[in-house]
Amino acid sequence: MHGSEPVALAAAPSPAPLARGGPMRFSAHIHGWLMLLPAAVLLVTFTHYPAVATIIDSFFSTPKGRRGAVFVGLDNYQAMLGDPVFFRALANNILYAASVIPLTIALALAMALWVNGKIAGRPFLRLSFFTPTVLPMIAVANIWLFFYAPGYGLLDQILGVFGISTHNWLGDEHTALICLIAVAVWKDAGFFMIFYLAALQQMSPQLGEAASIEGASRWYFFRRVTFPLLMPTTLFVLINAIINSFRLIDHIVVMTQGGPDNTTALLLFYIYEVGFKFWDTAYAATLTAVLLALLAFLALGQFLILDRRIHYQ
């Protein structure tokens, strides 16, 4: 009996490591959450809370003077359904997005493929393509105002060489939105080019060597290898392009003020006018809630549909 006692004591597990591991693991969790706390506070304060507060405000009336906000239910949404300017701005925004997004992505991809190759002056080309991205939107709008100025603008000066008469590009209903589309494509293509260029530089050069040995053409290699491998980047760029196309307001204020006849009034610009020009904050919150729902629906649809077709390396 006495000889077995040391064996039993030796076989018993020691609780000391668990006692030390518990506080250490808890301290690591606390340290991790404290590291995330500043970013979480900023995210909640400037993103989540304003979004929730905007949705709540859409169910109340606009406070005026001593009269506070009153709960009105869905009255603001019912008024929105009878607002022709809202539907005009929404239609303009859909047309704008449907034009800007594919043009910007196609141009960004083409520029990335070009400057990724071994060409003369490659650093200069990369810099020139990216330069419009770093310019403030107000400065860009004023630059393009000179381009579109009737009579003495750069565009009319170039067309005048070919005998084409002057045209009021921003004052014509048929060309005003097209002019804004050109500005947006010029401004954003260089920014998205950087992401495509980074993705191209991460691709293994052995893929191209193997394809050339097999006799594959450049177009076949791009269609079957390069573009599928760029799909994660394309999804990221597409989501950002959609968000950019629905948050445009700067150069509309500078260049057209939504005219002529609301031809260039996009949804966010109309929200800005309702909230800060007409001081109808409740109706502006309603329009903002619809815009948030629209963007959430588009982003969710992209993840559900396109994520299945993405090839991750």
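Guide: Pro-260 is found in the loop between H12 and H13. Please bear in mind throughout that this is a predicted model.

Visitor: What makes the peptide bond from Gly-259 to Pro-260 cis?

Guide: Its omega is near -5°, and the bond is accordingly described as cis. In general, most peptide bonds are trans.

Visitor: What is noted about the phi of Asp-261?

Guide: Asp-261 has a positive phi of about 55° although it is not a glycine. Asp-261 also lies in the loop between H12 and H13. Asn-262, found in that loop as well, has a positive phi near 60° and is likewise a residue other than glycine. As a general rule, most residues other than glycine have a negative phi.

Visitor: Why is Asp-261 called exposed, and why is Asn-262 called partly exposed?

Guide: The relative accessible area of Asp-261 is 53%, and exposed means over 50%, so Asp-261 qualifies as exposed. Asn-262 has 28%; this value falls between the limits of 20% and 50%, so Asn-262 is partly exposed.

Visitor: How do you know that His-251 is buried?

Guide: The cut-off for buried is under 20% relative accessible area. His-251 has 0% and therefore counts as buried. This residue is found in helix H12, residues 250-255. Leaving out residues up to four places away in sequence, His-251 touches Met-137, Ala-141, Leu-180, Val-183 and Thr-256.

Visitor: Why is Leu-248 called buried?

Guide: With a relative accessible area of 7%, Leu-248 is under the 20% limit and is therefore buried. Leu-248 is located in the loop between H11 and H12. Beyond its neighbours within four places in sequence, Leu-248 is in contact with Tyr-96, Leu-266, Leu-268 and Phe-269. The C-alpha atoms of Leu-248 and Met-137 are separated by 9.9 Å, although these residues are 111 residues apart along the chain.

Visitor: What makes a group of residues a nonpolar core, and which residues touch the most other members of the largest one?

Guide: The members must be buried nonpolar residues of the listed types, joined through side-chain atoms within 4.5 Å. The largest such core has 38 residues, of which Phe-86, Ile-101, Met-193, Tyr-196, Tyr-270, Tyr-283 and Leu-287 touch the most other members. At least two residues of this core come from each of H3 (75-81), H4 (84-116), H5 (122-134), H8 (176-202), H11 (231-245), H13 (267-277) and H14 (281-306). H4 supplies the largest share, ten residues. Apart from this core lies another, of 24 residues, among them Val-140, Leu-159, Leu-170 and Leu-177. In soluble globular proteins, nonpolar side chains tend to be buried together.

Visitor: Which residues does Phe-86 touch?

Guide: Not counting residues up to four places away in sequence, Phe-86 touches Met-80, Leu-267, Tyr-270, Tyr-283, Leu-287 and Val-290.

Visitor: How many aromatic pairs does the structure hold, and why is the pair of Phe-146 and Phe-147 called tilted?

Guide: The structure holds 16 aromatic pairs. The rings of Phe-146 and Phe-147 are 6.1 Å apart, centre to centre, which is within the 6.5 Å limit, so they count as a pair. Phe-146 has a relative accessible area of 44% and Phe-147 one of 21%; both values lie between 20% and 50%, so each residue is partly exposed. Ring pairs also link Trp-144, Phe-146, Phe-147, Tyr-148 and Trp-186 into a cluster.

Visitor: What is the secondary structure of the chain, and how does its radius of gyration stand against that of a compact globule?

Guide: The chain has 14 helices and zero strands. Its radius of gyration is 28 Å, whereas a compact globule of 313 residues would have one near 20 Å. The C-alpha trace spans about 115 × 75 × 30 Å along its principal axes. Buried residues account for 34% of the 313 residues.

Methods: Residues numbered from 1 in each chain as written. Predicted model: local features only at pLDDT ≥ 70, side-chain atom pairs only at ≥ 80, totals over all residues. Heavy atoms only, no water. Phe/Tyr/Trp six-rings, centres within 6.5 Å; stacked < 30°, edge-to-face > 60°. Buried < 20%, exposed > 50% of the residue type's maximum accessible area, 1.4 Å probe, protein only. Helix = DSSP H or I, 4+ residues; strand = E, 2+ residues; numbered from the N terminus. Contact = heavy atoms within 4.5 Å. Rg over C-alpha atoms; globule rule 2.2 N^0.38 Å.
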